[in-house]
Amino acid sequence: MSALVEAIDLTKRYGDFVALDRVSLAIASDELVSIVGPNGAGKTTLVNLLTGLLPPTSGQVRFKGEDIAGIGPVMLAKRGMARAFQLVHIFPELSVAQTLAVAVVSQTSKALRFFTAVADDAAVNSRVREVAAIFGLDGKLRTPARLLSQGEKKLLDIASAFALSPEVILLDEPTSGVSSADKHGLMRNVVDAARRAGVRAIILVEHDMDLVAEYSTRIVAIQAGQILADRAPADFFSDPEIVAAIVGKRPARFGQGAS
Amino acid sequence: MKIAAVLVAFVAVAALPRVLSPYHVTLVLPALAYSIALLGFNLLFGYTGLLSFGHALFVAIGGYGAAVLSSKLGLRSFEAILLLSAAAAVAVAIPIGLLAVRYVKIFFGILTLAFGMLFHSFLFKFYDLTGGDTGIRVLRPSLLGRAYEDLDKTTWLVGPFYYYCVGLLAVLAFVMWRLVHSPFGLHLVATRENRRKAEYLGVRVRFFRLIAFSISAFYGAIGGAILAVNTGQADPELAYWTHSGELVFMTVLGGFGNFFGPIVGAFSFIFLKDQLVGLTQYWRFWLGAILILIVVLFPRGLSGLVERMWARLHRSTPS
Amino acid sequence: MTAFLDVVLGGVFHAAVLFLVAAGLQLVFGVQKIVNLACGSFYALGAYFGISAVSWCLAHGMAPALFLPVLLVAGLVAGLIGPFIEALLLTVYHRDEAFQLLLTFALVLMFQDVLRFFWGADPQQLGDLVMTYGRVKVGALQVPTYNLLVIGASVAIAAGLGAFLQKTRFGRILRATAENREMSLAMGVNVRWVYASVFTLGTMLGTVGGALVVPTAAASLDMPVELVVEAFAVVVIGGLGSMRGALAGALVVGLLRAAAISWYSELEMLAIYLVVIGVLVVRPGGLFGRPLE
């Protein structure tokens with residue numbers, strides 16, 4: 001099984017402080033890998049390394065077999081990995097359609113076209129409508145992003161990452177700020193959308209263990225800069241030590257009592 | 001509806017020499033020049049979100065380009081002069097841009113101000129090359145190959161030259177319109193709205209800012225060349241930072257959030273200044289006061305006002 | 001050697017005055033994030049006001065030797081327009097930086113004519129008054145004592161400002177508000193009042209600088225627009241928002257200018273701009289500032 005995203009002996013040091021210590025990890029097609037762990041454990045650093053935002057002190061990061069250490073967000077998008085953030089980022093004055101079009105234009109390498117009108121580009125517009133529909137935003141195509149509700153802004157943020165037609169998408173706490181009632185709905189939407197959009201793997205950073213238990217194919221727990229565990233959910237939650245270290249209680253899905 | 005308004009305005013401007021006295025028509029010429037320069041400036045400011053306090057640098061390059069090419073090198077074709085001056089401006093813009101687009105907001109403004117003043121200093125001090133504070137003469141160029149030698153200066157200015165500039169503005173405005181509505185334009189606006197997010201959506205922020213900067217230089221130089229031909233002289237004041245400030249003033253007066261804002265601003269400013277200068281010797285004071293009023297009360301400028309009134313009109317009448 | 005000393009002393013004198021204006025700029029930027037294009041106008045106001053004050057006092061029988069304190073007081077009084085300007089700037093605090101710049105640019109335009117209205121278009125000066133304090137022998141040079149007094153005053157003010165910011169309660173409040181406005185508000189700091197005071201202090205530094213320079217130079221209507229470029233060179237080289245930067249930048253610009261004038265006068269401002277650009281390439285945040293992007 002060839003890995004889509006690979007971390008090989010990744011170490012990141014800030015002076016004397018070791019944020020990540022020889023972390024190795026591989027993510028293959030059709031996986032949804034959740035990265036969990038307490039704050040300050042090194043999740044953010046790992047994610048920044050996996051998405052080429054930071055160069056590692058030692059070790060390698062690979063995407064589709066190619067080294068992506070420190071390549072930066074623009075090149076990352078070009079190679080086929082997208083990232084959606086915890087804090088909502090929008091283009092306040094751009095409409096939903098325009099926001100999605102920004103991503104589609106990048107992905108189809110049309111950005112250096114100076115004289116054609118975006119509004120007249122049928123290919124771009126149909127892709128925009130497609131992605132908007134997946135996330136239920138097709139009724140608000142012309143609404144400026146700043147006028148959307150908080151939940152809609154969140155959807156738009158994730159949708160725009162999808163509009164890049166990425167092969168791998170990294171979701172950074174996608175349900176934070178979303179009410180408990182809506183969390184599962186959002187996750188289901190996103191996972192379905194990913195499958196339909198041809199996304200090959202999802203990396204999820206989450207605190208909500210119920211969601212993690214429900215949707216992951218694999219869970220990677222980070223503690224103090226090292227990998228504590230890298231297992232399928234059933235294995236993960238049946239190990240009392242891991243559960244104690246990372247979770248408060250075992251999520252409902254895996255019931256109480258002996259494994 | 002908008003297209004109709006634009007066409008009407010265009011025809012009106014083209015018809016001005018028939019209606020106004022030559023004095024007033026010679027006022028419109030700088031307005032045309034500034035309109036072109038500001039279309040370029042606003043690509044950078046309104047669309048890309050970068051405020052340059054050194055745009056006058058490119059206007060000055062255009063002016064001195066016209067001066068040097070016509071009086072020192074004997075080149076008379078206005079088309080050649082425009083192209084060469086604009087090319088020179090772009091050549092200067094690229095290294096400056098490579099440095100400047102790393103910065104945003106106030107640093108970009110200060111850096112561009114510094115480069116503008118660097119050029120001013122050079123123009124002012126190197127008398128042998130640049131004519132010092134007197135500057136260099138600009139000789140009458142030929143338009144599309146025709147020299148119109150039989151016409152005296154004023155007749156030429158309010159006649160062939162005027163129509164030429166109106167045509168030039170129309171062509172350049174059309175090009176800019178296509179530019180801002182293109183995928184490139186969309187990416188520029190994305191960088192203005194949220195630089196980080198734009199990068200994550202694959203927008204090449206620095207590269208595109210550099211391109212926008214270069215295009216603004218191109219337009220600035222053409223405006224400068226027209227200005228210099230109009231006055232017959234290119235002098236260092238073209239590059240002074242307060243001239244850059246006036247360019248920003250004009251753009252905000254007209255409204256930087258609107259494509260036609262800068263053109264409205266250029267025309268309004270020229271006529272406003274003309275009226276004020278005629279009324280009082282303390283016209284700078286009133287100009288400053290008006291700028292304060294706009295900044296505080298009407299930040300979207302004159303075109304913003306028109307848009308608001310238009311919207312109110314549409315709301316009050318049943319559709 | 002003498003020529004060198006001449007350049008150094010001239011440069012340090014110029015730096016002393018520039019420092020005052022730059023310190024004012026840094027204070028205002030550091031705390032309020034406002035870049036004041038009208039700093040040159042305040043400088044000129046101080047200069048003109050100083051001349052008028054001294055001329056009036058002399059005409060009413062003051063001893064010439066008292067002109068320095070009169071200048072200082074005149075500078076401080078001229079700085080009292082600070083609160084009014086700050087109140088105007090209030091209207092654009094929460095908006096895009098571009099509007100702040102434009103507002104201060106509008107002030108530059110207005111000040112040009114205000115100065116012209118009250119003092120006319122011709123440059124004004126105090127003639128030989130600077131010689132009242134005589135000269136001092138430094139090496140083989142005869143340097144006006146006044147120049148050394150101004151350098152001394154500037155150093156004293158620099159030290160005073162430093163102590164004020166580091167050691168006094170108000171200074172700490174200023175630094176806190178500069179770091180984090182919301183936090184300061186939450187801790188009960190009257191941020192409005194802090195802003196008004198800082199801006200006034202910044203203005204006064206500029207007006208006092210202008211007042212102090214007039215015995216050695218004429219006050220003219222070119223001052224407001226010309227000083228801005230030099231002052232900005234200082235803060236960019238030194239680093240926006242840093243007091244140490246203001247000191248370092250002022251020294252660099254002052255000495256560079258003196259050297260350029262003395263050796264190759266065409267290069268005067270050119271050399272300064274080249275250094276500005278050079279510094280920005282190598283250290284984007286200036287010598288003491290933090291890089292921004």
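1. Basis of the values. The model is predicted, so local features need pLDDT of at least 70 and side-chain atom pairs count only at pLDDT 80 or more, while totals for chains, interfaces and linings use all residues. Residues are numbered from 1 along each chain as its sequence is written, chains are lettered from A and ligands numbered from 1 in the order in which they are written, and side-chain values use heavy atoms, with hydrogens and water left out.

2. Which chains touch. Contact means heavy atoms within 4.5 Å. Two pairs of chains touch, and the pair with the most contacts is B and C. Chain A and chain C are not in contact; their closest C-alpha atoms are 14 Å apart.

3. Chains B and C: extent. Each of the two chains brings 46 residues to this contact. The buried area (the accessible area, with a 1.4 Å probe, that two parts lose on being put together, summed over both) is about 4,400 Å² for chain C and chain B, with 77% of it on carbon and sulfur atoms.

4. One salt bridge is counted between chain C and chain B; a salt bridge is a side-chain nitrogen of Lys or Arg within 4 Å of a carboxyl oxygen of Asp or Glu. Its partners are Asp113(C) and Arg284(B), at 3.8 Å from N to O.

5. The side of chain C that touches chain B. Helices H5 (97-119), H10 (223-238) and H12 (268-282) of chain C give two or more residues each to this side. Helices (H or I, at least four residues) and strands (E, at least two) are DSSP runs, numbered from the N terminus. H5(C) has the largest share, 17 residues. By type, this side holds 35 nonpolar, three polar and eight charged residues. Here Ala, Val, Leu, Ile, Met, Phe, Trp, Tyr, Cys and Pro count as nonpolar, Asp, Glu, Lys and Arg as charged, and the others, Gly among them, as polar.

6. Chains A and B. In this contact, 26 residues of chain B meet 32 residues of chain A. The two chains bury about 2,600 Å², 71% of it on carbon and sulfur atoms. Asp157(A) and Lys197(B) form a salt bridge, with their closest N and O atoms 2.6 Å apart. On the side of chain B that touches chain A, H8(B) gives the most, with eight residues.

7. Cysteines. The structure has zero disulfides over all chains, a disulfide being a pair of cysteine sulfur atoms within 2.5 Å. Cys165(B) counts as buried because its relative accessibility is 0%. The classes are buried under 20% relative accessible area, exposed over 50% and partly exposed in between (1.4 Å probe, protein chains only).

8. Backbone angles. Most residues other than glycine have a negative phi. Lys64(A) has a positive phi of about 55° and is in the loop between strands S4 (58-63) and S5 (66-67) of chain A. Ala224(A) has a positive phi of about 50°. Ala224(A) is exposed because its relative accessible area is 64%.
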